Structure formats: C-alpha cells, structure tokens
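Have a look at the sequence and fold, and then we'll go through the details.

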Amino acid sequence: MKNTVSLCLLLLLNALASAAGNKIEQLPVLAADIRHGQLANGLNYYIKPNALPAGKVELRLIVNAGSMSEAKEERGVAHLLEHMAFRRTKHFSPQQLKAFLESQGMRIGSDFNAFTSNERTIYQISVASDAAPQALQLLADWAAGIELDAAELELEREVVLDEGRQSQWSTDFYQSLLKAMYPKEDYHKQLAMGDADIVKNIPLAKIKAFYQREYQAQRMTVLVAGDVKPQAVEENIKVLFAGVVKGDLPNGYPLPAESAGLRFFSHRDVWSVSHPVVGWGWILPAELNGDVDTELAQFKRSLLGDLLYQRLLIQTGNSPILEASWINGHGASLPTRQTEFSFSVTVKDKQMKEALQALYREFERAKRFGFTQQELDNTFAKWQKLRPTQLNHLDWASRLQMHVQYGESARDLAGSLQQQKILFAAIKPEDLQAELKRLLLLPDQLATVLLPPAVTSFSLFMDNTAQKIVDAVQAEPLQNIVALKADKPLLSKPPQPGKIMAEQIDAVTGGTLFTLSNGIEVLTIPPKNTTDRIGFSARSIGGMAALGKKLHPAGLSLTDYFLDAGLGEWSGVELKRQLAASSLQLQPFIGPNQHGLKGETSAQDLEQFLQLQYLIWTAPRDDAAVYKQSMALAFQQAKASASSLYMGLNEKHYGENWPYPDFWHEYQFEAAFADFAEARNILFANPLAFRFVFTGLNKQAQTRQWIEKYLASLPTQALSSFKPEALAHGRSNELHQTMQEQRAVRVWHAYIPVPATSASADMADFLSQLLQQRLWQALRENTGETHGVYSNYELNAWQGLLIKLNYQTDIKQCDQAAKITVDEIARLRKETPSVDEIKNIRNILIKSQKERVDSPIQYAEFISWNWLVDASLVGNAADYSQYTPELVHKYARSWLSEGYWAVGNINCQNTADLAALRGD
C-alpha cells in the first residue's frame, strides 16, 4: 500500500513538473517604451513615443460610458453629449476651439472626431507635436469640462437628427441583426443614435446630469502616441486630469446571456453590400485580458480562419462562391467585449443557399480530415511575409486602444514576431481540428444571408434553413482536399530582358526617370512615407471616351473581367489561389477619359507584382462563363453605388455621349463576348501609351534588373494619339426626384469648361475646400440645417471641370438650406476671402499633401495623373503660398457664376433661386 501511494505521488509530481515545463512563455504584452500609469482618481494613461512620422501625435480619450449607460428616457443623450463636446469647453470658447483646429489644418471626420457606441465614447485628435499640450487640455476638457449652451444645443439637436435620418437604413439593418444575435437582450433598443423624440426634446439639465453621472475618472483612459517626450506628456496628464471626479460606477458592463441554438438571419435590403453575401459565425465569450491561454486560443482561431479561407479559395470554377473573408477579433459588429469568429462569402448568380452549404461543407470537411503540417507552415510563412516592418503613430494609437478595450497585446514588431513563433511552436494540426470540432458544437452560432437592393431574389429562407444545411452536409460523403501553395511561378518562361537606355534624377519628385529600350518611361520615387508599401500607377488617356457608345457596356464590366478571366497559363480561380499568399494588389481602372492599372505591394513581392503586370500586358485570357458573371456583378456594383442625382445631372448636361446614366438597367451592361476583347485591345494593348509610376521604391540593382526583365521586355507599338473631343456643355437646370424617406438631399454641380491641367486641379481643390468650410459653418455650425456638407471636384479633358457640393437636410428645411447655399456662394463671388480663411485652407491642403505620401496607391495615382495631363512631372506639393485672397476671389468670380450651376434634389420640390450668382 505504501509503495502504491508513493508511486502515485511520484507520477503526480512528474505530471506537474511536465505541465510546468510545457507552460507556454508569454512575453510582456506592452512594448518596453510604453509608459503606463494610473492617477489617484483611477484614470489610466498610456504614452508611446514614436517618431514616425516626425512632428505628429495622435491623442485619444476613451470613456467607458456609451448608450448602454442611458436610462430609457435618455436614449440618444450619450451621442448628443459627444456632439456638444465640439461646441465649447471650459478652456476653449467656440472661436478658440475653431481657431485651434484650423491652426492644425484639421478636417472634421479625419483629424478630429468622436464615436459613441454601446459601451464607450471615444474622442480622438491628430495634431503637430508642438500642439500636444493644447490637445491634452482639450481632452481634459472633454473629460470634465464640456460646457452646454442652450442655443447651441438647439442647433446640435438638428444636426444629430439629420445624422439619424442619413443613417436610418443602416440603423434599421443593424437593429434587425442585433435581434438575431442577442434574442435575450435589448441591444437593438439601445443604439447610439437613440430615440429621435428624446433627442429633440430632452432638457439641457438632463444632458448635464448624464455627463456628471457617467463621466467618471476610473472609467477613462488617455492614449498618446507619436513624436513626443513621454516624461513631459506624463507630467501634463497628471496636472490636467487630476481634477476629474472619481466615482463608484463599474468600469464595464454585464455580459449578455448565452443564446442557445443555431440561428438564421436574412435581410433583403442591405445597402452596404453590392453583391449577395452569406456568412456563418460564432459569438464567443469575453476572454481574460493578458492571459497566455487566451492569447493561444486567439492565435489558434486565426490559424484556423486563414486555413479555412484558403480551402474556400480552391473551390472549382462551378462553385457558388466568388470571394471569401473571415474575422477573428473584437469590435467588428458586436456591441460587447465578446469575440467574433466568422466567415463571409460573396455569392455568384444569387445562389445563396448553395453558397451557405458550400461554406459549411468546408467546416465539415476540415472537421473530418483535419489539416496538414505543411498547410500550417505555409500559412505562418505567409503571415511573416505580410507583417509590417514599421508602425506609425496611428498604428500605435490603435494598438493601445485595442489593449485598453479588449486586452490585446501592444508589443513592438519584434516582440509580436517572437510571441507568434512561441505560440506557433506549441500548436499541432490536430489542435486546430479539435478547436473546429469544439466550435461546431457550440450553441451560439448564426448563419446570415444579406441581399443588396440591386438584387431581386425569390428564394425562400426559413428559421430552420441553417439547420437543414447542417443536416444535409453532415450526411454527405466528403473527400479530403488539401490547400497547398503551388510552387509553380507565375511565368513558366522568363521573358528576354530589355535594357534601361537612360536614367535621370527628377528634381521635382526626387525620383529617377528610366527610359527603356521599348520606349516606355518609368518613374521610381524613393520611400518618403510612414509605410513600407510600394505604390503603382500606370495611366493613359482614353477611358470610356476612347471606346465609343458601342463598347460602353463592355467598358463598364471590363475591370471585373480582366483578372477573373485569368492570365497566361492561369485560370481566374488558379490565379486568385496563387496570389492569396502574397501582399500585392493590382486592379485595372477605366474612367471617363483615362484608364490604366493601380496597385501596391511589399518589397518582398515586387518581382511577383511585375510578373503579374507582364502577364496583363502580354497574355490576357478570355472566358465565356466569367464574361457573363462580370456583367452581372458590374451591374450589381453600379446599382448599389450609384448616385442618381450625380449621374442624372451629368446625363442632362453632357448629353447622349455621357456613358453613365442616372439609373442603371441590366441591359446597359449587355455586351457581346467579342466586345470585351475589342475594348481590352483598344485600352490595354500598348503599354507605351502609359505613364508608369512607382512610389516607395528604392533604386537598387535588383530593382533595375526586374524593370529590365519585366517592363523593358514588353512589346510596344507606335503611338496613335487619342485626344477626346470635349463633351458639349448643355444647361442642366434642376433635377427633381422623390424617395420614400424622411430626408431631403441636394447636389450642386458647377460645370466649368476649363482645360485639364495640374494648375486647374490645384485651384479647384482650393475652391472646393473653401466652399465646404463656408457651408459647413453656415449650414451646420450656425443653423443646424445638416449633419455635414461635402465638396470635391472632377477634372479631365473630356468633361472639363466639375465642382460638386452635396448635403442632406430635413424636408421642411429645403428652402432655407438652398437660400443659405446660394448666399454663401454669392458672398464668395462678391467679397474677397479673409487672409485667415486662405491660411486655413492652405493648412488643410498642405496637410493633405503630406498625408497623401502615406497612401501608396493615392500618391502614385496623383503623380501619374499630373504627368499625363501636363506632359511633365509634377511633385506632390502645389505651391499654395502664391494663393492670395485676391487670386482665389478672381477664380471664384469666374468659375462659380450662375450659368455654370445645376442642382439635383431628392424630396425638395422647390427650385433653387440662383439669381444672386449672376454677373461677371
């Protein structure tokens, strides 16, 4: 007996020792240079010094008080309070707040904003480093110094109500989805937008009471990431936030009750999707913050998600699935701290039930047969290749925010890589199979079918649709399919290289201009940004104007068809599978009078990116099935994203040669199969007609070799000059439409017959921003007429210049909003803008120029557009120092006169009186 006890004890001790030895190492979850502290009142702060980019800093205030904090009679007050925070605070009068934001070149929605959700309100602001003390003071005021003015409240009520009208369709959809997700909870009744009647009538005193009750220090966290001195920032936080009152409210919200049973949700009017989408997902419990077992579980699910995604990509060409995506994380569509693990697939030919069955079939197949070690190795290798090599201030602010909200790690890149390697070494293929089996047995699952308005389907979906699919798939005799990365290169035979015949440094862009042996010119611009991505644009004159009316239907569908039909030896499905493990994007585009290719890649995938280009130029394929599919998809996309007012005004103004009608019909996309090849040959047969631009590309020996191998080897033809004849400028007058909605929309177009040059584009950008700022002040800040005013422009040789304004408002305010708009445009024509206004717009545009460099595709497109229209290189920065109030006023008088304007209306029956815009 004694020996038996001793043996059992020995076995137990050995087991414990083995378990301790197998304990997975967890590295610190915060980067070593992150400064974290807590004030005596319970307020937390995180400071991350990061000099990328130099002189910039991102600041955020997270308050764990959202719409779930509202009583029934307060619904909407958390969001209304967030809006009032931008009116005035203890240390910032309305004029001072406006002056501070303008001094930083800020634009609402981009550089400063706030968001109210179910569980929290987040304020964020992006400023220059030397303005960080002022920005911290503003955050401290939002924490405890928002001042509520009765007159301003009445204006802001209308702004919030207009925002509610604008988002009504998405609110209705999300409420329906939340009912399906949480059948035992009331999340669908407690959205941030709240109850319109309450927002309209709640007294100021109740808003103030909510503020004082819910904004408590222990529920707050301050985040600072950027080019700052942590010690100075920390000392400032301690002084500015010490007075925020500590309370006794909990720092979180109760988690929802678990929902039992597989559920099914369908919705037939989802404006956020352009094609039918089906999905399958799990709502998983909130996990313990900072726990190594939690981190391992999240890592397993990420591997599982990517492996199943790759399985979905190797579906045959007859599959009802077009595209696939997956989510494993927090903050996606859930209103809680729970984790969402879900898959979504885009559906072909309205085969929603078939696609849902194909999706679940891959779950069942993996459950039965599992995965191979090679699949795991390939997936992990792909992750390492796709990981960034540097993080900017916005990246770090987001990492810190996810750490605060959900306990996710905020390690530096080296620490993240090391932890991933530790976790990966602890996982075997059978672990993922076991995790999938566990997930499939969980009761809290939701299957979804989402249809856009453009798709009409008579398929019948029942509450038991998902369970029937599960039963049917489980009864199927399945075979194992293993998704392995193909070793075959994109090009089976490398091309015979051409030569770089000449190169010169371009002083304007700082890049190198290569002239190749086939005549192509390639501009490469070295890295200037905070990303490690390489941007690309190849652009030519032509577009829809070059196709003519006969080929317009093919031109509308060609961009979807181009890669889906395949290239060279690769079918479209094979090509998609081959590129799944790469970081590159490459997409054709066709505009009114320009067309080309745009994309981006990492340095590691640059050669594959150039190989893909070579195939596009030399080995396009045709596929009859893809041709039909592309027309259907292009129609659905156009129908979903169409702006009938924008298109309707253009159609009336430009006449019958304009290729984009105000309402799309399927027949407008019906092209003969041969038309696709003809349109492609007209636009993409001769690479010599294009301006090639790479941004973020170092001039290394390897890069030169690849340019010679894949671009200098392209066959070219003699250039045949194409100059589109300018479209006739008619008189559009007013366009009136009605919709069954409680809102009115107005679009204002100024059609100005000026040549397409970079100088015209710069002035159009300046005037467009000035108009937006003027109308934002007049229609939102001063009168509460609208939630927002938006302005931009289009310019090309075919259309000339089009300056666009749009906003929405209450139907009852149509007359007043139109009068204010005309008055502001007339004032801009009659009065010279102030020096401060010009300085403000200059700051906004200079800031935009700097930010453009951080967007690889946008930067490359900007350079190629200017190079094409000016026939010379133009750098990123326009010289706005030459823009005096007198110069801007001169162009406003010339470009914004009555004869150039047309107005489109939805639910506004009055006609805008433009008489005030008459005169030279």
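Are α2 and α5 oblique to each other, or roughly perpendicular? This is a predicted model, by the way. Helix α2 covers residues 77-84 and helix α5 covers residues 150-166; the two pack at an angle of about 120 degrees, with 10 Å between their axes. Roughly perpendicular takes in 65 to 115 degrees, so α2 and α5 come out as oblique to each other. Their crossing is right-handed.

What holds the contact on each side? From α2 come H79, L80, H83 and M84, while α5 brings E152, L153, E156, R157, V159, V160 and E163. Sort the residues of this α2 and α5 contact by type and you get five nonpolar, two polar and four charged.

In soluble globular proteins, nonpolar side chains tend to be buried together. The largest nonpolar core here has 76 residues, and L516, F692, F694 and L711 are the ones with the most contacts inside it. Helix α17 (residues 543-564) supplies the largest share of this core, 10 residues.

Two loop residues are next. K348 sits in the loop between β10 (339-347) and α11 (352-369), and P285 is in the loop between β8 (277-284) and α10 (292-313). Which of them is buried and which is exposed? K348 has 11% relative accessibility, so it counts as buried; P285, at 56%, counts as exposed. Even so, P285 touches Q338 and T339, again not counting residues up to four places away in sequence.

Finally, each of these loop residues can be paired with a glycine elsewhere in the chain, C-alpha to C-alpha:

| Pair | Separation along the chain | C-alpha distance |
|---|---|---|
| K348 and G55 | 293 residues | 48 Å |
| P285 and G596 | 311 residues | 47 Å |

Notes
Residues are numbered from 1 along each chain as its sequence is written. This is a predicted model: local features need pLDDT of at least 70, side-chain atom pairs count only at pLDDT 80 or more; totals for chains, interfaces and linings use all residues. Side-chain values use heavy atoms; hydrogens and water are left out. Axes are lines fitted to C-alpha atoms, for helices over the stretch in contact, and angles run from 0 to 180 degrees between N-to-C directions. Helices (H or I, at least four residues) and strands (E, at least two) are DSSP runs, numbered from the N terminus. Angles under 35 degrees count as roughly parallel, over 145 as roughly antiparallel, 65 to 115 as roughly perpendicular and the rest as oblique. A crossing is left-handed if the near helix is turned anticlockwise from the far one by less than a right angle, and right-handed if clockwise. Contact means heavy atoms within 4.5 Å. Ala, Val, Leu, Ile, Met, Phe, Trp, Tyr, Cys and Pro count as nonpolar, Asp, Glu, Lys and Arg as charged, and the others, Gly among them, as polar. A nonpolar core is a set of buried Ala, Val, Leu, Ile, Met, Phe, Trp, Tyr and Cys residues joined through side-chain atoms within 4.5 Å. Buried means under 20% relative accessible area, exposed over 50%, partly exposed in between (1.4 Å probe, protein chains only).
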